[in-house]
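Please keep the sequence and the model in view while reading.

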Amino acid sequence: QTVVHWFRVDLRTSDNAALHLASLKAKRERMPLIGLYIISAKDWKRHDASNWKVNFILKNLSTLKVDLETKFSIPLIIKVAENIKDVYEILKNVVEKLDTKYLYFNQEYEVHENQRDEMVQAILDSVEVKRIHDQCIVMPGSVLTQEGNIPKVFTPFKRSWIKFVYQSPVKTFPSPEKSEVELQPLAEDYIRSNSTIPFPNHDNFLNDFVLSTEKADFFKTYYPIGEDSGLARLTEFVEKKIEKYKVTRDYPALEGTSNLSPYITNGIISSRTAFLAAFKKNNERLESGNENITTWISEIIWREFYKHILVGYPRVSKNKPFKLETDNIQWNYDEKLFKAWCDGKTGYPFVDAGMRELNTTGRMHNRLRMVVSNFLTKDLLIDWRLGERYFMQNLIDGDLSSNNGGWQWSASTGTDSQPYFRLFNPILQSKKFDKDGVYIKKYVKELRNCSGSSLHTLTAQLQSFGYPKPIVDHSTARELCLTEFKRIYNK
Ligand code: FAD
């Protein structure tokens, strides 16, 4: 008889709620604990996972496997599913072959994942299935308005979130206990024949996710693999950078942010651990102390906010705007304009640098995420859902709730309490946040010999470097956008 922990978006051994509880159960029942991971390439495709993200997950899975086996004597089974039905069959098979009595996993809040998990609970009737809260610091549903709803606006959400955390202090979960119970020979055979991790190559079912040689090189240097690497990045950030965060975070050339999102999003480190490191550094204060630290914690609370929104208002994960009235906006679907934006060829250097950063590295600085999404939805009036999808298909940290929240914030269709006239001027943004053009020149290579100040004026000089002409005039585009928003609000 066995206890199984099903790993999904929690590829770590430390501070993993369900894994910890599964380990306690295994100890109490004197059963071996076994890990399981199910790879479903079709699901990744369906959810627009980028090849960066898939490679990151699989590589982290391989270090997790070694960690589990060597440090905790927990074997990891790897199964491959064609589609969702296969997942159910795989689980039934695992339960049968390993004589599983308890199945543990951490809860996922997205609609499809939730439906899948409910089905799993229904079909595995001979097993005690435990779905554990783990992905947020505060469980969705714990922070509510007086009317009992999940707050729709960030500031009141944050206020209640902080109050909740002071009342119910955040704790991490210890790593699992080392498993001492021997496996039966049949279970051992089953585990041995299901333990290979496939990596994308041109000849296997993961061929859609192969990284080019150039990208693979960047990947190796920029995204060190494993929980220990994620934790080391957190420690370094908290020791060396967090106390300057508020001043540096908006300047993409300065690398002033933590770059932890690939690790947090993919569950390589937990958001609790990240939060507690900063909280302790600020002597357990959330509203006073060092403003740089409280600003960083505020960003972690934005992540929480968007996850709670997803639970409270599931329409946001079904391609619907949060503000339903904005469904009447007549978005533009011009393919040429959209392609120019995707390729980083809009003729606006700051916007193009952001898109080229994304296309070559799988990441994009937050300031640029705001600028390029604003440009697509306001200057080009292109449907935010196209941009949201393009981001998911290219980001290493693609996460439905944060990505959707960010896009709807920019498109003024979301939870933002500002009215629709949040409209960035891409030139002023670049003057303010990349004055000397260091960031622009890093990614828009044809402009590397252009003087810093010329980068912020759209003169013909830029074209003399082989750089494209602006695809729209910002002032005209601004008026068109305002007219469209006024139309739906009858103003
Ligand atoms: P830091 O500044 O060091 O922040 C620490 C952590 O806080 C981040 O790792 C992240 O987990 C969280 N965080 C920071 N800012 C936000 C935010 N605005 N919303 C939610 N969480 C935040 N973040 C994702 O993780 N995945 C996405 O798919 C994603 N898509 C976005 C799309 C748009 C249009 C916008 C405007 C923002 C998006 N963000 C997304 C939020 C933010 O840009 C990234 O989390 C951040 O750039 C990651 O870099 P960092 O780890 O250095 O962040």
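A residue is called buried if 20 or more other C-beta atoms lie within 10 Å of its own, exposed if 12 or fewer do, and partly exposed in between. The model examined here is a predicted one.

Asp-15 is found in the loop between β1 (2–7) and α1 (17–29). Because Asp-15 has 23 C-beta neighbours inside 10 Å, it counts as buried. Its backbone also deserves attention. Most residues other than glycine have a negative phi. Asp-15, although not a glycine, has a positive phi, near 45°.

Ser-412 is another residue with a positive phi that is not a glycine; its value is about 60°. This serine belongs to the loop between α18 and α19 (426–433), and it counts as buried because 23 C-beta neighbours lie inside 10 Å.

Ser-142 is placed in the loop between β5 (128–132) and α6 (154–167). It has 14 C-beta neighbours inside 10 Å and therefore counts as partly exposed. Between the C-alpha atoms of Ser-142 and Trp-161 the distance is 8.6 Å, while 19 residues separate the two in sequence.

The ligand is surrounded by 28 residues, and the closest are Thr-257, Ser-258, Ser-261, Asn-403 and Gly-406. Among the helices that each supply at least two residues of this shell are α11 (261–265) and α13 (291–312). The largest share, six residues, comes from α18. By class, the shell contains nine nonpolar, 13 polar and six charged residues. Domain 2 (136–172 + 226–312) and domain 3 (324–488) both contribute residues to the shell, so the ligand lies between them.

Technical notes:
Residues are numbered from 1 along each chain as its sequence is written. This is a predicted model: local features need pLDDT of at least 70, side-chain atom pairs count only at pLDDT 80 or more; totals for chains, interfaces and linings use all residues. A residue is near a molecule or strand if its C-beta atom, placed from the backbone, lies within 6 Å of it. Helices (H or I, at least four residues) and strands (E, at least two) are DSSP runs, numbered from the N terminus. Ala, Val, Leu, Ile, Met, Phe, Trp, Tyr, Cys and Pro count as nonpolar, Asp, Glu, Lys and Arg as charged, and the others, Gly among them, as polar. Domain bounds come from an automatic or database domain assignment.
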